[in-house]
Amino acid sequence: DLYIESDSPFDSVVMKLRRDSVLGSEKSFRWVAKLKKYDRKVKSGRYQLSGGMSNNDIVNLLRSGGQTPVDVTFNNIDNVYELAGVISGQLEADSADMTALLTDPIYLDAKGHTPESILGVFLPNTYEMYWNTSAEAFIERMLREYDKFWSDGRVAAAERVGMTPNQVSTLASIVERETVKPREMKTVAGLYINRLRKGWKLQSDPTVVFALKQLNPDTVIRRVLTKDLQIDSPYNTYRNEGLPPGPIGAPSLRAIEAVLQYEDHSYMYMCASVDRPGYHEFASSLTAHNRNAARYRQWLNGQRLYR
């Protein structure tokens, strides 16, 4: 693969071709390129060159701008800075340009979003794009994908839950970070919806972890402590009622669907399971929950997980 950066001079293209031992004759290549005026109009992008291509073939391909697309994949994204780093590793898009746009309230307002809500736009998936896609072009593409995903049917489903698409994405991001088991997602979503409808605080540990990491991104948190629940942050659902102002990570399509198709039950409490690692014990009463929680705390202490 030949990668040509934006604004690359012709000589840098020749150098790359020479380095990759693609050219049979550099002099011949330069002559053909000059004849077809490619030396004055280099086009950036990713080009796949095959063995046996003549200089004329190579010039025709590069001159036409006939790029080969790349598959851009991202998932488990916690913030826009991480997103920018992941994308800049797959596209020419500059990570600094991307974070500047994704934290610019004026730019985002023009797109109908805020710095708090924008992460929900980036639906984890694999997307085919051209390698020389800029930061802004990448964001514009994701906005189109987001609008396409939120069809009339999904918007109607969100309304039945009593939420906007951004609120669904926000709750989905919490659900996803609350359980690693896909089969539990609808149950967890139903529990949080029960709390919201009864006017309870969500009291979600992942939101506290998110708030702590906003203060110190390098913090390693394996256990949320009682003192952590007092952190002054709009994302701390132990102190604030309702949903936080935006997603605490880019929610997967599966988590979003879990909220839209939540499980209808009477559970109000959940606690990590000691007997089934990765799963939770759900309860409808505080008495049952306290038993589950005491057992889990005892297990944590036994594992010496104090932070």
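Reader: Which residues are linked in a network of salt bridges?

Author: D11, R18, E26 and R30 are linked in this way. A salt bridge here is a side-chain nitrogen of Lys or Arg within 4 Å of a carboxyl oxygen of Asp or Glu. The model is predicted, so local features need pLDDT of at least 70 and side-chain atom pairs pLDDT 80 or more, while totals for chains, interfaces and linings use all residues. Residues are numbered from 1 along each chain as its sequence is written, and side-chain values use heavy atoms, with hydrogens and water left out.

Reader: What makes D11 and R30 a salt bridge?

Author: Their side chains meet at 3.1 Å, N to O, and the cut-off is within 4 Å, so the pair counts. D11 lies in helix 1 (residues 10–19) and R30 in helix 2 (residues 26–35), so the pair ties together parts 19 residues apart in sequence. Helices are DSSP runs of H or I with at least four residues, strands are runs of E with at least two, and both are numbered from the N terminus.

Reader: Why is D11 called partly exposed?

Author: Buried means under 20% relative accessible area, exposed over 50%, and partly exposed in between (1.4 Å probe, protein chains only). D11 has 48%, so D11 is partly exposed. At 30%, R30 also counts as partly exposed.

Reader: How do you know that E281 forms a salt bridge with R276?

Author: The closest N and O atoms of E281 and R276 are 3.8 Å apart. The limit is 4 Å, so the pair qualifies.

Reader: Is K16 buried or exposed?

Author: K16 has a relative accessible area of 13%, therefore K16 is buried. The side chain of K16 meets that of E5 in a salt bridge (2.7 Å, N to O). E5 sits in the loop between strand 1 (2–4) and helix 1, so this pair ties together parts 11 residues apart in sequence. At 33% relative accessibility, E5 counts as partly exposed.

Reader: Why does S169 count as buried?

Author: S169 has 0% relative accessibility, so S169 falls in the buried class. S169 is in helix 9. Leaving aside neighbours within four places in sequence, S169 is in contact (heavy atoms within 4.5 Å) with G120, W150, P247, P251 and I256.

Reader: What makes strand 3 and strand 4 a pair?

Author: DSSP must find at least two bridges between two strands. Strand 3 (residues 70–74) is joined to strand 4 (residues 125–129) by 5 bridges, and the two run antiparallel. Strands 3 and 4 therefore pair. F74 stands opposite N125 in strand 4.
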